[in-house]
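Subject: Structure handover

Hello,

Here is the structure we talked about. Please open it alongside this note.

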Amino acid sequence: MFGRAEGCASSSSRHTPRVILAFDLDCFYASVSVRNDPSLTGLPVGVVQKHLVVTSNYMARGLGVAKMSPVKDAVAGCPQLRLVDGSDLAPFRRAASEVRSAIRQRMPAGTPMEYLGLDEIFIDATDAVAEIALLAPKPPPLQGNMQGDVQDAAHLGAMARGAALAAELRAHVVKETNLTMCAGIGDSKLAAKIATGIHKPDSQTTFISGPKAVEQFLAPKSPRAIPGFGRGYLKRLNECRPDITTVRGLREAFPPGAEAALADALGSSESVAEHLLLACQGIDSSAVVPAGPPKIVSSEDSMRFCKTRGVVREKVLALSREMIGRLVDGVDEHGPRHPGTLQVKFRFTGTGYQPTFRSVSMPLSVSAPTLRNGNPHFSAAYDRAVSDVVKRTLAVLDDNGLQAPPFAFSLLGVGATNFSRSSTARPSLSSSAPFRGDSVLEKRQVEDPTTSCARSQSPRKNEKNVPNGDSVSKRSLEPCMGSDVPASCPVCGKAFSNATANIEINRHLDYCLSGQPSMGLSTRFPKKLGPRKNLTKAKTRHVGSFFTKQEQRR
Ligand code: DCP
Ligand code: MG
Ligand code: MG
């Protein structure tokens with residue numbers, strides 16, 4: 001009996017079943033790779049990360065190339081397989097974002113949508129379906145496949161409306177993105193999720209509740225099939241009960257009432273254990289939790305031995321490009337946000353699993369208003385932001401062992417965090433982190449460990465743990481925030497000297513943003529190029545309001 005606990009339906013539909021839609025893109029990385037390189041169309045394709053084919057298209061799967069096969073085995077079994085490098089995740093992230101916005105276009109504002117990884121989406125369509133029912137009281141014929149036991153006409157009607165909506169969304173996503181996906185329709189997240197995997201690819205399945213369905217589709221699966229049963233739980237279960245490999249096994253080993261024992265085995269809370277045991281019986285009342293913007297946007301990579309400065313620099317460059325690309329793409333999805341902190345993550349070979357985190361202020365160029373898809377100055381802004389992040393990251397690594405060879409990193413990562421919506425929370429242009437890579441601040445970071453933003457090898461006492469386990473040091477930011485150093489224009493890169501008055505800087509910025517990026521600082525503002533009232537306003541405006549003003553203009 002896939003189902004929900006009482007009282008979980010949304011407000012407008014308390015007596016009708018919830019209608020949950022789950023979507024999973026077909027052979028996601030492979031589909032995106034083929035879409036982006038049409039010369040691969042009609043060929044068996046495998047996407048490679050490190051030494052694994054992480055996914056393959058359905059043609060390759062038909063030729064025996066399973067997901068997560070070692071490259072050597074995949075090529076031996078299918079010599080005509082075309083391998084694509086999947087180490088750069090940016091195209092996949094971009095495609096995921098396209099799919100999400102295509103779906104959002106078609107759903108009423110405020111519909112709860114939750115993202116799981118890059119290629120899975122849950123939608124609570126209960127309210128949307130109730131609205132459709134008001135407009136068209138007769139339910140449509142059920143589209144796609146159906147599994148399970150019919151309960152009653154009202155239940156079937158709600159599911160049929162959900163199935164019609166899922167079919168429409170799938171067609172819209174194909175039209176907008178050229179990517180296909182499977183859908184599952186059910187009265188809980190669990191039912192909908194299981195349904196997505198029953199008929200693949202490019203198909204949809206409606207799951208009607210019933211005990212037989214649990215036995216057929218859920219009981220034989222790995223406990224990982226239960227939403228919320230993560231890899232960590234599976235690892236702990238394997239350690240203490242290696243005999244349990246299926247949901248049925250878990251259900252038999254931990255019958256109702258054994259929540260405390262399961263919590264003990266998994267290292268979870270009792271309420272989590274209770275949820276998991278109910279899910280083993282097909283009962284899932286968990287809500288679709290709308291995804292907010294991520295708290296950290298990061299890019300990292302593990303490696304065998306990264307032991308020369310040149311190799312470290314190349315790696316940091318690639319990671320910085322990826323992180324900034326993701327920040328830029330995130331603006332389309334979440335609106336402009338300003339990361340205040342650059343988090344550098346690293347681990348030396350042979351020092352165990354635990355990485356070290358260091359936090360410094362994020363170069364302001366990463367918040368430049370020009371760093372936005374479609375902006376004519378994007379390319380210059382992107383290069384500047386990447387270069388600033390690389391320099392600052394290398395300065396942090398210098399302070400943490402890069403300057404004292406021999407060293408060998410086994411993990412490197414950069415992350416943007418501590419986001420604010422408004423740039424007023426950020427340091428002002430005249431008093432803070434500069435845009436130029438060869439700035440006073442950058443030199444301080446490298447040359448003077450006592451004023452460096454990232455100087456300590458050992459964890460600081462005042463480091464604050466954030467929920468994802470990373471740490472952000474507030475004190476480590478202070479030297480950067482307070483530095484009285486020259487800055488430069490985020491649009492054209494022109495340097496501002498210490499003596500430059502705020503009004504001059506504002507005038508220059510107004511001029512640059514009106515499309516004339518080469519204006520000198522001391523040049524008088526020509527009448528024909530800018531309205532006088534801007535100049536009057538500039539007299540009273542602090543330079544720090546620059547970003548806010550740009551946001552308002554947009
Ligand atoms: N992925 C990965 N490493 C894993 C699992 C998945 O890099 N261990 C990536 C590659 C997949 C994508 O995530 O393309 C989505 O994972 P899925 O499990 O949904 O697999 P696919 O979308 O590739 O195939 P399917 O059609 O079976 O959903
Ligand atoms: Mg998929
Ligand atoms: Mg998936």
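Helices (H or I, at least four residues) and strands (E, at least two) are DSSP runs, numbered from the N terminus. On that numbering, Met-68 sits in the loop between H2 and strand E4 (69-70). Its phi is near 65 degrees, a positive value in a residue other than glycine. Bear in mind that this is a predicted model.

Pro-201 lies in the loop that runs between helix H7 (189-196) and strand E10 (204-208).

Now the ligand site. Ligand 1 is surrounded by 15 residues. Lys-200 is among the closest, together with Cys-27, Thr-55, Tyr-58 and Asp-119. By class, the shell holds 7 nonpolar, 2 polar and 6 charged residues.

Which residues make polar contacts with oxygen atoms of ligand 1?

- Tyr-58: a side-chain N or O atom is 2.6 Å from a ligand oxygen.
- Cys-27: a polar backbone atom is 2.8 Å from a ligand oxygen.
- Lys-67: a side-chain N or O atom is 2.9 Å from a ligand oxygen.

On its own, ligand 1 has 550 Å² of accessible area, and the protein covers 75% of that.

On the H1 side, the residues in contact are Phe-28, Tyr-29, Val-32, Ser-33, Arg-35 and Asn-36. They meet Pro-91, Phe-92, Ala-95, Ala-96 and Glu-98 of H4. This contact divides into 7 nonpolar, 2 polar and 2 charged residues.

There is another helix pair to look at. How are helix H5 (residues 126-135) and helix H6 (residues 153-177) packed? Their axes are 10 Å apart, at an angle of about 105 degrees. Angles of 65 to 115 degrees count as roughly perpendicular, so H5 and H6 are roughly perpendicular to each other. From H5 come Ala-128, Val-129, Ile-132 and Ala-133. Facing them in H6 are Ala-158, Arg-161, Gly-162 and Leu-165. The class count here is 6 nonpolar, 1 polar and 1 charged.

Over to you.

Best wishes

Note on methods. Residues numbered from 1 in each chain as written. Chains lettered and ligands numbered in written order. Predicted model: local features only at pLDDT ≥ 70, side-chain atom pairs only at ≥ 80, totals over all residues. Heavy atoms only, no water. Near = heavy atom within 4 Å. Polar contact = N/O pair within 3.5 Å; in protein donor to acceptor, adjacent residues only side chain to side chain. Areas by Shrake-Rupley, 256 points an atom, 1.4 Å probe, with all protein chains shown as cover. Nonpolar A, V, L, I, M, F, W, Y, C, P; charged D, E, K, R; others polar. Contact = heavy atoms within 4.5 Å. Axes fitted to C-alpha atoms, helices over the stretch in contact; angles between N-to-C directions. Parallel < 35°, antiparallel > 145°, perpendicular 65-115°, else oblique.
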